[in-house]
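Keep it plain and give the cut-offs for the terms used.

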Amino acid sequence: MRLYLQKNHYGDYGDGHAGGLEQDAHQDPQKQWPLWEVFMRSKQGLDHKHAGSLHAVDATMALENARDVYTRRKEGVSIWVVESKHIHASDPNAAAEFFEPANDKIYRHPSFYDLPDSLKHM
Amino acid sequence: MDQTANQLQDQFQQRIDLEQKIEPRDWMPEKYRQTLIRQISQHAHSEIIGMLPEGNWITRAPSLKRKAILLAKVQDEAGHGLYLYSAAETLGISRDEMYEQLHSGKAKYSSIFNYPTLSWADMGAIGWLVDGAAILNQVPLCRTSFGPYARAMVRVCKEESFHQRQGFECLLQLSRGSEVQRQMCQDAINRWWWPSLMMFGPKDDESPNSKLSMQWKIKRFSNDELRQKFVDMIAEQIKLLNMVLPDPDLTWNEQTKHYDYGAINWEEFKQVIQGNGPCNKERLEARKKAWTNGDWVREAATVHAAKQAKRKSEAQTFSAKETQ
Amino acid sequence: MLQQSIKSYIQQDLQTQYLLHLADNALILSHRNSQWCGHGPILEQDIALTNIALDQLGQARNLYQYAALLITEKTGIATTEDQLAYLRDVGEFKNCLLAELPNGDWGQTVLRNFLMGSYQFFLYQELQQSAIGQLKAIAEKSIKEITYHVRWSADWVLRLGDGTAESKGRMVQALELLWAYTGEMLEPCDYELPFIATQSSFIKAAWEAKIASVFSEASLVHPTNEWMQSGGKKGIHTEHLGYLLAEMQFLQRAYPGLEW
């Protein structure tokens with residue numbers, strides 16, 4: 001039984017890895033266009049959000065494809081693209097050490113402080 | 001090792017039960033991965049093959065408005081295929097591999113697209129019945145347990161909502177039109193009704209993959225549940241069209257509060273899946289032809305990009321030398 | 001068929017003829033591009049070309065609607081965009097021949113879009129200064145779309161011209177086929193003159209410069225033949241347009257006078 005997934009085409013590239021598609025021995029790397037991730041900011045939005053993926057030969061085409069695929073309904077006014085192999089993702093097996101230590105830092109949140117109601121503008 | 005495997009299995013199921021999304025890098029049983037690849041790629045193939053029967057009518061749409069609507073709709077299906085292929089790609093299969101499976105006949109797609117589109121009214125019937133059935137399947141998939149699939153489906157469902165509406169409106173126009181338009185409308189409903197019931201898949205007791213898919217929350221409703229929901233919905237909507245569904249057994253059942261409907265011809269379903277539908281060969285040939293005709297285009301773009309990258313890096317090296 | 005009185009009106013009104021010429025160019029080109037939908041070389045580009053076809057269809061509709069409005073006002077006969085698109089026969093269409101030629105392969109399709117899009121770009125840039133308010137507004141809306149079409153198609157001309165030996169060969173072939181149809185766009189006919197008389201030589205020069213710069217980057221050389229095919233603007237078309245219209249107009253012809 002295969003326990004761990006060795007190959008995912010996004011968010012699975014640790015440091016030192018060249019990236020996914022080139023390593024696939026069973027397919028001709030010349031043939032398939034690289035995969036890109038698309039991030040978009042909507043007109044009212046503050047940040048770029050992940051919109052999806054697509055294939056393109058280079059950044060110019062990736063931006064154009066992103067425009068053609070992901071903004072057909074006025075979804076965005078700004079696009080970022082990044083080749084999927086350049087995305088480094090945190091390891092889900094390290095989720096405990098990464099994220100749980102934040103759980104007990106409740107003093108970082110404003111609601112932690114109990115102040116008199118008469119105090120204004122704070 | 002086995003113990004670890006069991007532990008991982010248990011943790012995995014726990015996460016599913018807690019409605020946590022499974023993401024591409026998370027541990028997952030191999031069978032879960034395979035099931036998803038099969039389902040998502042089938043779904044993607046259906047979108048792409050599904051462009052063809054409607055695409056037939058883009059050049060024959062009877063008004064400029066209808067032409068624009070149809071063109072936008074068929075294009076949306078390309079987009080949906082793309083979102084779904086991308087979701088499957090996160091599981092470690094490439095789009096090219098999925099295409100190979102489609103082209104070789106190994107991968108299946110929704111059998112409904114092997115039926116021909118014979119009149120303009122078919123554009124309405126497909127929007128109303130076929131997209132209507134698809135939406136019932138797709139809405140629960142927005143909550144499916146695999147994150148990338150759920151996210152793709154949210155996007156698909158958002159875009160899909162105009163598809164069914166335009167279909168119904170197209171039929172409504174025909175139903176209010178001349179005698180020949182009303183006949184066209186009824187004829188299209190007659191031809192698309194039974195195939196759209198088959199879209200929900202085999203009956204529950206004959207659906208081998210369903211149980212595990214439900215346990216993993218890939219699926220949330222059974223085939224028969226969704227089919228019943230569809231019949232109940234359409235049986236009411238058709239009244240607005242003053243048309244009839246081609247099923248003499250269709251009756252409201254006061255006890256179950258559902259519509260009863262006649263027997264589905266499962267032999268036909270089986271035959272169409274096995275490749276004997278009226279258009280199986282044309283559909284697959286059209287896809288293969290598009291892909292093969294595109295070989296030189298994709299290759300040239302790759303080669304051009306490599307040349308450009310090389311030129312750029314040479315120019316950089318050159319200017320670096322200049323400044324030294 | 002269009003009513004005789006509408007036909008007669010069109011025959012004597014240059015502005016309506018000009019609007020129909022612009023609209024027919026957009027519609028026929030859109031129709032050709034839309035034939036790729038579902039058959040493109042890769043999904044992303046299938047979607048991209050359909051976006052272009054949709055833009056062009058939108059431009060055609062704006063122009064037909066405006067022409068229909070003028071005809072209705074002048075003749076008192078209610079006329080619609082669909083009558084203009086679906087009830088005129090080959091001889092009444094005024095698009096350039098270049099628009100109606102079959103798609104050929106992807107290379108020929110992107111090259112046609114580049115040649116025609118670049119022309120439309122400089123033309124619509126001028127029409128943005130038009131004294132006719134409605135035409136000016138249509139031009140202002142269309143120019144943004146056309147700017148993207150030129151960018152997209154020029155990128156493809158570069159990729160294929162400067163790609164593999166095969167793609168280069170195919171582009172050379174496509175250019176040989178299409179080149180003789182480019183002259184017609186650049187030589188204004190009687191109904192164009194009142195609207196772009198002074199600008200037409202500028203449009204021609206700008207178009208030639210644009211083509212030259214992209215072709216040189218793509219290492220493509222256009223043929224030097226002087227002889228150019230023409231006639232489309234005056235209703236003398238290639239054999240291809242008849243088939244295109246037979247397909248496009250079939251429902252309106254088979255079931256006349258119905259709403260769809």
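Across the interface of chain B and chain C, 17 residue pairs are in polar contact, both residues at pLDDT 80 or more. A polar contact is a pair of N or O atoms within 3.5 Å; within protein, one must be able to donate a hydrogen and the other to accept it, and residues adjacent in sequence count only if both atoms are side-chain atoms. This is a predicted model, in which local features need pLDDT of at least 70, side-chain atom pairs count only at pLDDT 80 or more, and totals for chains, interfaces and linings use all residues. Residues are numbered from 1 along each chain as its sequence is written, chains are lettered from A and ligands numbered from 1 in the order in which they are written, and side-chain values use heavy atoms, without hydrogens and water.

**Chains B and C**
- Helix 3 (64–89) of chain B gives the most to the side that touches chain C, with 14 residues.
- Chain B and chain C have three salt bridges between them (a side-chain nitrogen of Lys or Arg within 4 Å of a carboxyl oxygen of Asp or Glu).
- One of these joins C:Asp162 to B:Arg311, with the closest N and O atoms 2.9 Å apart.

**Sheet of chain A**
- Three strands form an open antiparallel sheet in the order 2-1-3; strands are DSSP runs (E, at least two residues) and helices are runs of H or I, at least four, numbered from the N terminus.
- Strand 2 (49–55) and strand 3 (78–83) of chain A are the edges.
- Strand 1 (residues 35–41) and strand 2 of chain A pair over six bridges, pairing requiring at least two DSSP bridges.
- A:Leu35 faces A:His55 of strand 2.
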